[in-house]
Amino acid sequence: MVKFQKRTIEVVYSKDDLDRPRESPWGTTNRQQKEGLEFSIEQYKELEEYSRKYRVDFIVSCWDLQSIDDIENSCNVKYHKVASALATNKEFLEKLNSTGKPVILSTGMCTQEEVAAAVNILDNVKYILACTSTYPTKAEEVNLNYIITLKSLYPGYKIGFSNHYNGMDACVGATALGSECIE
(Lines give C-alpha, C1' and ligand atoms only; values in the text may rest on other atoms or scores of the structure.)
Protein backbone atom coordinates (compact mmCIF):
# COMPACT_ATOMS: atom_id res chain seq x y z
CA MET A 1 0.00 0.00 0.00
CA VAL A 2 1.28 3.48 -0.86
CA LYS A 3 -0.36 6.70 0.32
CA PHE A 4 -0.16 10.23 -1.02
CA GLN A 5 -1.81 13.47 0.10
CA LYS A 6 -3.93 15.80 -2.02
CA ARG A 7 -4.84 19.38 -1.19
CA THR A 8 -6.56 22.16 -3.09
CA ILE A 9 -4.09 24.79 -1.96
CA GLU A 10 -6.45 27.78 -2.14
CA VAL A 11 -9.04 25.93 -0.04
CA VAL A 12 -6.79 24.43 2.62
CA TYR A 13 -4.62 27.51 3.24
CA SER A 14 -5.55 31.15 3.75
CA LYS A 15 -4.27 33.85 1.41
CA ASP A 16 -2.22 35.33 4.25
CA ASP A 17 -0.59 31.97 4.92
CA LEU A 18 0.12 31.39 1.23
CA ASP A 19 1.63 34.87 0.82
CA ARG A 20 3.92 34.41 3.82
CA PRO A 21 7.64 34.41 2.98
CA ARG A 22 9.24 30.97 2.86
CA GLU A 23 12.42 29.92 1.14
CA SER A 24 12.16 26.65 -0.77
CA PRO A 25 13.47 25.10 -3.98
CA TRP A 26 10.30 26.40 -5.69
CA GLY A 27 10.47 30.07 -4.66
CA THR A 28 10.25 32.54 -1.82
CA THR A 29 6.64 32.22 -0.61
CA ASN A 30 4.65 29.56 1.18
CA ARG A 31 2.36 29.40 -1.90
CA GLN A 32 5.28 28.59 -4.19
CA GLN A 33 6.45 25.88 -1.80
CA LYS A 34 2.96 24.32 -1.57
CA GLU A 35 2.49 24.50 -5.35
CA GLY A 36 5.89 22.88 -5.84
CA LEU A 37 4.98 19.99 -3.56
CA GLU A 38 1.47 19.32 -4.86
CA PHE A 39 1.11 16.76 -7.64
CA SER A 40 -1.06 17.41 -10.69
CA ILE A 41 -3.92 15.04 -11.51
CA GLU A 42 -1.81 13.65 -14.35
CA GLN A 43 0.98 12.87 -11.87
CA TYR A 44 -1.49 11.11 -9.56
CA LYS A 45 -2.65 9.02 -12.52
CA GLU A 46 0.95 8.13 -13.31
CA LEU A 47 1.61 7.17 -9.67
CA GLU A 48 -1.51 5.03 -9.63
CA GLU A 49 -0.47 3.25 -12.82
CA TYR A 50 3.01 2.62 -11.40
CA SER A 51 1.50 1.30 -8.16
CA ARG A 52 -0.82 -1.04 -10.04
CA LYS A 53 2.11 -2.34 -12.11
CA TYR A 54 3.72 -3.56 -8.88
CA ARG A 55 0.42 -4.68 -7.29
CA VAL A 56 0.56 -2.01 -4.60
CA ASP A 57 -2.70 -0.47 -3.38
CA PHE A 58 -2.83 3.23 -4.26
CA ILE A 59 -4.30 5.50 -1.59
CA VAL A 60 -4.76 9.26 -1.43
CA SER A 61 -5.45 11.18 1.75
CA CYS A 62 -7.54 14.13 0.56
CA TRP A 63 -7.64 17.31 2.65
CA ASP A 64 -10.72 19.01 1.20
CA LEU A 65 -13.95 18.32 -0.69
CA GLN A 66 -12.57 19.39 -4.08
CA SER A 67 -9.63 17.01 -3.69
CA ILE A 68 -12.03 14.11 -3.06
CA ASP A 69 -13.83 14.98 -6.31
CA ASP A 70 -10.55 15.37 -8.22
CA ILE A 71 -9.25 11.99 -7.07
CA GLU A 72 -12.56 10.16 -7.49
CA ASN A 73 -12.99 11.56 -11.02
CA SER A 74 -9.50 10.65 -12.18
CA CYS A 75 -8.12 7.75 -10.13
CA ASN A 76 -9.29 4.45 -8.71
CA VAL A 77 -8.09 4.55 -5.12
CA LYS A 78 -8.60 1.42 -3.02
CA TYR A 79 -9.16 3.39 0.20
CA HIS A 80 -9.58 6.93 1.39
CA LYS A 81 -7.44 7.93 4.36
CA VAL A 82 -8.81 10.50 6.80
CA ALA A 83 -6.10 12.65 8.34
CA SER A 84 -6.91 13.21 12.00
CA ALA A 85 -7.15 16.97 11.38
CA LEU A 86 -10.26 16.24 9.26
CA ALA A 87 -11.87 13.63 11.50
CA THR A 88 -14.21 16.23 13.01
CA ASN A 89 -15.36 17.65 9.65
CA LYS A 90 -18.80 16.07 9.20
CA GLU A 91 -19.27 17.35 5.63
CA PHE A 92 -15.89 15.90 4.65
CA LEU A 93 -16.67 12.51 6.24
CA GLU A 94 -20.08 12.37 4.57
CA LYS A 95 -18.44 13.14 1.22
CA LEU A 96 -16.15 10.14 1.77
CA ASN A 97 -19.26 8.03 2.46
CA SER A 98 -20.61 9.02 -0.94
CA THR A 99 -17.60 7.38 -2.64
CA GLY A 100 -18.49 3.95 -1.26
CA LYS A 101 -14.78 3.25 -0.70
CA PRO A 102 -13.30 1.80 2.51
CA VAL A 103 -11.82 4.37 4.90
CA ILE A 104 -8.69 4.44 7.01
CA LEU A 105 -9.20 6.78 10.00
CA SER A 106 -6.23 8.33 11.76
CA THR A 107 -6.75 9.42 15.37
CA GLY A 108 -3.65 11.51 16.09
CA MET A 109 -5.30 14.87 16.80
CA CYS A 110 -8.58 13.47 18.14
CA THR A 111 -10.09 13.02 21.55
CA GLN A 112 -11.76 9.68 22.19
CA GLU A 113 -15.15 11.38 21.74
CA GLU A 114 -14.08 12.72 18.33
CA VAL A 115 -12.91 9.27 17.24
CA ALA A 116 -16.27 7.79 18.28
CA ALA A 117 -18.16 10.54 16.43
CA ALA A 118 -16.14 9.97 13.24
CA VAL A 119 -16.67 6.20 13.41
CA ASN A 120 -20.42 6.82 13.82
CA ILE A 121 -20.53 9.12 10.78
CA LEU A 122 -18.39 7.01 8.47
CA ASP A 123 -20.12 4.10 6.75
CA ASN A 124 -17.13 2.02 5.74
CA VAL A 125 -14.28 2.27 8.26
CA LYS A 126 -11.76 -0.45 7.44
CA TYR A 127 -8.94 0.60 9.79
CA ILE A 128 -8.63 2.89 12.80
CA LEU A 129 -5.02 3.98 13.30
CA ALA A 130 -3.43 4.94 16.60
CA CYS A 131 -1.22 7.94 15.97
CA THR A 132 0.66 10.81 17.56
CA SER A 133 0.59 13.86 15.30
CA THR A 134 3.93 15.42 16.18
CA TYR A 135 6.66 15.36 13.53
CA PRO A 136 8.87 13.67 14.40
CA THR A 137 7.25 12.00 17.39
CA LYS A 138 9.50 11.72 20.43
CA ALA A 139 9.93 8.23 21.89
CA GLU A 140 8.05 9.18 25.06
CA GLU A 141 5.07 10.41 22.97
CA VAL A 142 4.56 7.35 20.73
CA ASN A 143 1.94 5.77 23.06
CA LEU A 144 1.70 2.32 21.50
CA ASN A 145 -0.69 1.35 24.29
CA TYR A 146 -3.37 3.30 22.44
CA ILE A 147 -3.47 0.38 19.99
CA ILE A 148 -4.70 -1.82 22.87
CA THR A 149 -7.23 0.85 23.89
CA LEU A 150 -8.60 1.07 20.33
CA LYS A 151 -8.82 -2.72 20.09
CA SER A 152 -10.92 -2.83 23.26
CA LEU A 153 -13.15 0.10 22.22
CA TYR A 154 -13.66 -1.03 18.61
CA PRO A 155 -13.57 -4.85 18.53
CA GLY A 156 -15.35 -4.98 15.16
CA TYR A 157 -12.68 -2.91 13.40
CA LYS A 158 -9.13 -3.49 12.26
CA ILE A 159 -6.72 -1.42 14.35
CA GLY A 160 -3.41 -0.12 13.09
CA PHE A 161 -0.67 2.41 13.67
CA SER A 162 0.35 5.58 11.85
CA ASN A 163 4.03 6.21 12.54
CA HIS A 164 5.61 9.64 12.81
CA TYR A 165 8.54 8.38 14.89
CA ASN A 166 11.97 8.26 13.24
CA GLY A 167 13.02 4.71 12.55
CA MET A 168 11.21 1.41 12.66
CA ASP A 169 11.15 0.74 16.43
CA ALA A 170 7.60 2.03 16.88
CA CYS A 171 6.38 -0.03 13.90
CA VAL A 172 7.93 -3.18 15.34
CA GLY A 173 6.26 -2.45 18.68
CA ALA A 174 2.93 -1.78 16.97
CA THR A 175 3.21 -5.09 15.13
CA ALA A 176 3.93 -6.90 18.40
CA LEU A 177 0.75 -5.35 19.83
CA GLY A 178 -1.31 -6.71 16.96
CA SER A 179 -1.54 -3.79 14.52
CA GLU A 180 -3.21 -4.87 11.30
CA CYS A 181 -2.02 -1.86 9.31
CA ILE A 182 1.17 0.20 9.63
CA GLU A 183 1.53 3.59 7.96
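I started at Ala176, which sits in helix α9, residues 169–176. Helices here are DSSP runs of H or I with at least four residues, strands are E runs of at least two, and both are numbered from the N terminus. Residue numbers count from 1 along each chain as its sequence is written, and side-chain values use heavy atoms, with hydrogens and water left out. I am working with a predicted model, where local features need pLDDT of at least 70, side-chain atom pairs count only at pLDDT 80 or more, and totals for chains, interfaces and linings use all residues.

Is Ala176 buried or exposed? I noted it as exposed, because its relative accessibility is 70% (buried is under 20% relative accessible area, exposed over 50%, partly exposed in between; 1.4 Å probe, protein chains only). I then checked Ala176 against Trp63: they are 113 residues apart in sequence, and their C-alpha atoms are 31 Å apart in space.

Next, the whole chain. I count nine helices and eight strands. Of its 183 residues, 42% are buried. The C-alpha atoms fill a box of roughly 45 × 35 × 35 Å along the principal axes.

How about contacts, meaning heavy atoms within 4.5 Å? Of those between residues at least 6 apart in sequence, 54% join residues at least 24 apart.

Last entry, charges: I looked up the mean positions of the 21 positive and 26 negative ones, and they lie 4 Å apart. Lys (at NZ) and Arg (at CZ) are the positives, Asp (at CG) and Glu (at CD) the negatives; His and the chain ends are not counted.

Definitions and conventions
Contact means heavy atoms within 4.5 Å.
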